Amino acid sequence: MTTATRTGSVGTGHIRVEGRDKVTGAARYAGEIPFAGLAHGWLVLSTVARGRVRDIVTEPVLRMPGVLAVLDHRNAPRLHTDYAGLLGTSPDPTCAVFQHDRVPHRGWPVALVVARTPEEAREAADALVVHYEPQPHDIDFGADRPDSRPAEGRTPAVTSKGDLEAELAASAVVLDAEYTTPEEHHNPMEPHAATARWDGGRLDVVDSNQGATWVVGELADLFSLDPSMVRVRSEHVGGGFGSKGVRAHQVAAVMAASVLRRPVRVVLTRRQMFTLAGHRSPTVQRIRLGADADGRLRALEHRSLSRTSTVHEFVEPSAGVARVMYDADAHRTENRVVGLDVPSPTWMRGPGEAPGSFALESALDELAEKAGVDPVQLRLRNDTDRGPVSGLPFAGRNLRACFEEGARRFGWAPRDPRPGRRRDGRWLLGTGTAAASFGAGVMPSTAAITAQQDGRFTVRISAADIGTGARTALTLVAADALDVAPDRVRVRLGDSAFGPAMIAGGSMGTRSWSWAVTAAAGELRERLVPGMDIPPDGITVRSDTTEAVAALAHKERHSFGAQFAEVAVDITTGEVRVRRMLGVFAAGRIVNPLTARGQLIGGMIWGISMALHEEAVRDPASGGLVGADLAGYHISAHADVPRIEVDWVDDPDPDDPAGGIKGIGEIGIVGVAAALANAVRHATGVRHRSLPIRPDRVLRAGRDA
Ligand code: MOS
């Protein structure tokens with residue numbers, strides 16, 4: 001293993017290298033980059049939840065001012081949809097727009113109106129009359145769906161070892177509880193926006209996405225193009241959270257640019273994002289635990305049911321968290337899914353772990369109370385050094401250190417475990433804790449570094465900075481690997497022309513990209529001899545980590561953490577206020593403490609939002625969302641967020657050549673909802689097993705108690 005840390009940039013807080021450009025408006029986003037002859041497309045979405053398109057009355061709309069075209073299933077270019085997407089499975093056909101007349105959910109794209117200005121396009125889209133042949137729809141999600149099926153995919157639907165019923169029967173303490181989480185949405189500040197144009201026989205797309213390589217691959221497949229004929233640029237991205245992959249608007253823009261032979265931009269509206277940007281499925285989870293009197297687990301079962309559309313199987317793999325967190329003599333997990341007449345869900349920050357940890361870490365708290373064991377002790381007693389399902393050793397599992405440091409800093413030790421005992425005026429006070437975990441994987445990437453005549457270095461990598469600070473992190477990694485100060489390094493990213501690279505996703509971006517950057521820097525340093533002449537176009541070295549990543553030792557690779565929270569509950573109004581939170585993480589080497597803290601705090605705020613506020617409500621009659629905008633969909637705002645502290649313990653991954661990086665993208669949210677629900681239980685004596693913990697739920701529980 002090589003580590004180049006002489007300049008010590010990694011580990012030292014650094015403000016965002018593009019921060020000034022962003023706050024001064026110099027940084028331009030996909031929807032605001034000018035093009036000569038730019039036309040604007042506006043998507044028209046179905047108003048029925050299931051059925052067929054009978055007719056689309058385009059004639060009057062085509063006569064409206066500025067209107068250039070209307071694309072629908074009758075005249076749109078044909079797409080090739082039978083290919084393997086990012087994960088080797090077939091992609092969501094929702095993005096293969098206008099290929100047939102079927103409507104599988106409300107908000108399905110049925111047409112694109114293209115006009116000279118966005119206003120003209122919008123007016124014409126609003127005026128477009130679409131006749132449907134509606135059919136009855138079914139959006140009724142719940143635990144008792146007889147048509148649910150085991151989840152397909154890369155990971156098995158079911159894992160099982162030992163005799164669950166026997167171990168439950170032999171347990172001194174048992175728990176059997178059901179937990180539910182609602183449909184949730186991830187709306188980045190910057191909407192999805194793409195501009196497509198043909199340039200000298202090549203397709204050029206300016207986009208806002210989490211991976212230019214990814215978007216190139218899917219567009220090339222859909223339009224039967226050689227990937228070398230497609231270039232995707234995505235320089236600045238105002239948030240992603242899993243929603244910014246390939247979606248209907250990019251494909252519609254490419255279609256329109258092909259038909260009209262001019263640049264076409266399609267931007268999703270906020271309301272359209274609630275349908276077309278994906279979401280997190282609701283879940284129903286059942287947990288059965290059995291333990292000895294001291295809290296050591298003999299039996300653990302975690303079952304989860306999530307919902308997908310009828311056109312694509314996306315599974316929210318909530319039971320997966322139990323495959324990593326806790327072992328038991330009998331251990332069973334199962335992810336099931338049911339297809340209903342709703343839009344396809346997708347990855348949303350902490351997919352699986354976020355809702356899964358709510359159920360499992362709430363259940364652990366319930367077990368702790370039943371067993372009379374402190375919740376921190378219960379988790380430490382069930383810590384494991386091997387993957388409960390894989391049997392593999394962990395490449396670092398410093399969960400104990402997180403809990404011990406967290407408990408010390410939070411002041412956990414003197415806690416009276418009895419619920420409903422502490423009062424501050426009208427507020428009942430309580431504290432809660434939960435564990436966090438998230439995968440710490442790595443994927444192949446390529447990078448190039450150029451040594452310039454002026455003594456500076458330019459790094460080119462098709463990474464995506466979706467607001468996390470990736471560009472800054474890679475600047476620090478490159479600076480150390482090149483043994484120069486960060487101000488001599490310029491990182492360019494978000495351009496597929498730089499070669500294939502991992503997406504900003506799965507909490508794997510920084511680790512994957514840093515590996516490629518470190519490899520290129522190492523080779524470049526070997527090429528550079530002091531005093532040598534650098535040619536005018538510099539000396540460029542390229543790296544490709546495909547082989548090195550494939551040779552990585554087989555281990556369970558995860559980040560871990562301990563969440564602590566204090567809440568105040570007013571049982572006369574049902575209001576829950578978070579008073580303070582602390583998260584302590586073991587998440588590998590931290591590259592940039594400044595942005596890392598922001599990322600982790602951001603995740604924890606998302607956890608507050610999940611615990612107390614977020615819930616998308618579907619109208620059974622229309623199949624659509626009620627309040628599909630940021631006024632109707634409640635999220636935590638400033639006044640909801642208390643002082644949040646974040647820290648980390650030393651936890652370098654021994655197999656990472658860039659100095660031990662794991663990844664912190666998503667772990668911040670994991671466990672937070674459970675820690676808060678556990679704190680509400682401690683405050684009030686009432687256990688909330690359904691999110692969000694709304695005022696009416698607190699009130700009803702108070703009345704029923
Ligand atoms: Mo993340 S949900 O892998 O963008």
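**View 1. Arginine 280 and glutamate 316 form a salt bridge, with 3.1 Å between N and O.** A salt bridge here is a side-chain nitrogen of Lys or Arg within 4 Å of a carboxyl oxygen of Asp or Glu. The pair links distant parts of the chain, 36 residues apart: arginine 280 lies in the loop between α7 (270-276) and β14, and glutamate 316 in the loop between β15 (297-308) and α8 (322-325). Helices (H or I, at least four residues) and strands (E, at least two) are DSSP runs, numbered from the N terminus. Both arginine 280 and glutamate 316 are buried; buried means under 20% relative accessible area, exposed over 50%, and partly exposed in between (1.4 Å probe, protein chains only). The model is predicted, so that local features need pLDDT of at least 70 and side-chain atom pairs count only at pLDDT 80 or more, while totals for chains, interfaces and linings use all residues. Residues are numbered from 1 along each chain as its sequence is written, and side-chain values use heavy atoms, with hydrogens and water left out.

**View 2. A salt bridge connects arginine 409 with aspartate 647, at 2.4 Å from N to O.** Arginine 409 belongs to helix α11 (residues 399-410) and aspartate 647 to strand β27 (residues 643-648), so the pair links distant parts of the chain, 238 residues apart. Arginine 409 is partly exposed, with a relative accessible area of 31%. Aspartate 647 is also partly exposed, at 22%. By the rule given above, the count comes to 57 salt bridges. Salt bridges that share partners join Glu165, Arg288, Glu301, Arg303, Arg332, Glu334 and Arg336 into one network.

View 3. Glutamate 615 sits in the loop between α15 and β25 (617-618), and arginine 694 in the loop between α16 and α17, 79 residues apart. Arginine 694 is partly exposed, its relative accessible area being 22%. Arginine 697 is found in helix α17 (residues 695-704). Apart from neighbours within four places in sequence, arginine 697 is in contact (heavy atoms within 4.5 Å) with Glu615, His688, Ser690, Leu691 and Pro692. Leucine 691 and proline 692 are joined by a cis peptide bond, with omega about -5 degrees. Proline 692 lies in the loop between α16 (672-684) and α17.

**View 4. Four strands form an open sheet in the order β21-β20-β19-β22, with mixed pairing.** Strands β21 (489-492) and β22 (539-544) stand at the edges, each with a single partner strand, so one side of each is left without a neighbour in the sheet. The twist averages 15 degrees from one strand to the next. Two strands pair if DSSP finds at least two bridges between them. Strand β20 (residues 457-460) runs parallel to β21 and is joined to it by four bridges; arginine 460 stands opposite arginine 492 in β21. Helix α12 (residues 470-482) packs on the sheet, touching β19 (446-451), β20 and β21, and its direction makes about 135 degrees with that of β21. Helix α13 (residues 509-527) lies across β19, β20 and β22, at about 140 degrees to β22. Axes are lines fitted to C-alpha atoms, for helices over the stretch in contact, and angles run from 0 to 180 degrees between N-to-C directions.

**View 5. Aspartate 483 and serine 507 each have a positive phi.** Most residues other than glycine have a negative phi. Aspartate 483, with phi of about 60 degrees, lies in the loop between α12 and β21. At 26% relative accessibility, aspartate 483 counts as partly exposed. Serine 507, with phi near 55 degrees, lies in the loop between β21 and α13. Serine 507 is buried, with a relative accessible area of 8%.

**View 6. Strand β9 (residues 173-181) has side chains that alternate between two faces.** Nine bridges join β9 to strand β14 (residues 283-291), and the two run antiparallel. Threonine 181 stands opposite threonine 283 in β14.
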